Amino acid sequence: MKTLTTILSVAAAALSLSAAPARAEPVTLTWHMWSSTDAETAAWQHVAGLVNAQYPDIKVELQTSPWRDYWTKLPTLAASNTLPDIVSIQSLRLSGFTTLFEPLDEHVKDGFDLGQFDKSILEGLSYDGHLYALPYDFGPLVVYYNRDLFAKYKVEPPKAGWTRADFLAAAKALTQDGNYGFAVTSGDWLEFALSDGAKYLTEDGALDFGNAELQAAFQSYVDLVTKEKVAPVIAASGQPSGDIARGRFLAGNVAMYVTGPWEMINIRKSSNFPVGLAPLPAGKAGSITFTAGSGFGINKAGPHKDLAWKAIQVLTGPEAEQYLASQGRAFPGRIAQQGYWYDVAAQGVADARETIDFALKTAQPYRTTANWNTVYELLEQYAPLAYGGSQTGAEVLDTVQSLAAE
């Protein structure tokens with residue numbers, strides 16, 4: 001009897017255990033994002049943690065690469081079937097990577113309110129009628145300037161309405177004592193060309209670096225280094241020219257450089273001088289800049305697409321957008337959270353709201369070709385030849401045009 005009782009007790013215990021629901025382990029989603037500084041990585045780690053806080057059964061493992069490396073890694077990861085579950089994408093480069101992404105059309109039609117986002121960046125993250133990513137940021141390219149250097153050399157700070165002549169006069173006055181007025185890059189001459197009325201694409205969207213107006217506009221930008229001597233030479237070094245320009249600005253060695261509102265996190269955390277913002281100086285066609293942005297999409301071949309959809313809603317949700325805006329890492333794609341960038345991240349930055357508002361009124365979408373990443377890399381490789389004086393601007397653009405077409 002004792003044996004039978006023991007057997008029945010063990011059986012009952014086993015039955016009880018088998019009836020208990022299994023405790024599922026959280027699914028870990030991988031997310032690949034570009035990051036150039038510790039401050040940026042910390043911001044992305046924070047928003048990754050918001051996913052697990054809302055969905056305890058989902059963890060997000062952040063993987064980062066420097067900006068330039070990110071775009072060369074994406075095709076490699078896809079080819080080796082190791083693309084992360086969540087893929088970050090910039091609007092300028094979307095057209096070249098759409099085959100990697102799950103279209104979001106079926107997800108957003110189930111009551112998801114796209115009206116919470118800026119319309120222009122939703123268009124920027126769409127291609128051929130399909131939305132491929134939810135936006136976390138967007139914004140215009142503007143001029144950041146060092147207020148201490150302007151005050152030291154008694155130069156009037158730039159304001160909306162300033163001209164290219166005003167810009168050059170200021171740059172000359174600021175170029176002394178080992179300092180320079182401006183920092184050039186390999187790509188930001190395009191918005192200067194746009195303000196001169198030049199075009200870099202044909203009517204049907206093909207690359208058109210061979211036209212005379214564009215080449216003249218690029219040469220005038222190159223002249224800031226070679227002729228006017230108001231910007232330091234950027235040599236071919238393998239380091240992105242944008243990183244070099246930012247480093248010189250943060251070190252206090254150049255008074256002005258062009259970037260977007262997403263750079264405020266690095267400016268505020270790494271500079272020891274007060275900063276101001278100004279729109280691009282007006283050229284022949286006015287003060288015209290580009291607007292662009294980025295977002296997060298879903299790996300088309302990933303095993304956890306539904307969970308990734310939940311995750312990117314959090315990564316671009318109100319809490320994440322408020323945090324990224326307050327940190328200065330993003331001018332939010334969500335309209336309701338944009339005030340946090342102005343009131344927190346850009347607090348004390350001269351003319352921040354006025355500049356962004358002014359720039360957005362005349363900004364044009366940054367249109368690109370499907371091989372824009374190749375064009376970008378070619379500019380990084382060959383533009384320094386013009387800045388160093390060994391080739392003309394026209395020769396550099398002819399080379400980029402020829403090689404990009406291969």
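Reader: In this predicted model, what makes both faces of strand 10 count as covered?

Author: Happy to walk through it. On one side, Phe 290, Ala 292, Ser 294, Phe 296 and Ile 298 are buried, and on the other Thr 291, Gly 293, Gly 295 and Gly 297 are buried too. Buried means under 20% relative accessible area. Nine of the nine residues in strand 10 (residues 290–298) are buried, so the strand is called mostly covered.

Reader: Why are strand 3 and strand 10 said to pair?

Author: Pairing needs at least two bridges. Strand 3 (residues 86–90) and strand 10 have five, in the antiparallel sense, so they qualify as a pair. Ser 88 stands opposite Phe 296 there.

Reader: Which other strands pair with strand 10?

Author: Strand 6 (residues 134–140) runs antiparallel to strand 10 and is joined to it by six bridges, with Asp 137 opposite Ser 294. Strand 11 (residues 364–365) pairs in the parallel sense over two bridges, and because the cut-off is at least two, that pairing counts. Here Thr 291 stands opposite Pro 365.

Reader: Why is the contact of Glu 377 with Arg 68 called a salt bridge?

Author: Their side chains meet at 2.9 Å, N to O. The limit is 4 Å between a side-chain nitrogen of Lys or Arg and a carboxyl oxygen of Asp or Glu, so this pair meets it.

Reader: How much area do domain 1 and domain 2 bury between them?

Author: About 920 Å², with 45% of it on carbon and sulfur atoms. One salt bridge is counted between the two domains, along with three residue pairs in polar contact.

Notes. Residues are numbered from 1 along each chain as its sequence is written. This is a predicted model: local features need pLDDT of at least 70, side-chain atom pairs count only at pLDDT 80 or more; totals for chains, interfaces and linings use all residues. Side-chain values use heavy atoms; hydrogens and water are left out. Buried means under 20% relative accessible area, exposed over 50%, partly exposed in between (1.4 Å probe, protein chains only). Helices (H or I, at least four residues) and strands (E, at least two) are DSSP runs, numbered from the N terminus. Buried area is the accessible area (1.4 Å probe) that two parts lose on being put together, summed over both. A polar contact is a pair of N or O atoms within 3.5 Å; within protein, one must be able to donate a hydrogen and the other to accept it, and residues adjacent in sequence count only if both atoms are side-chain atoms.
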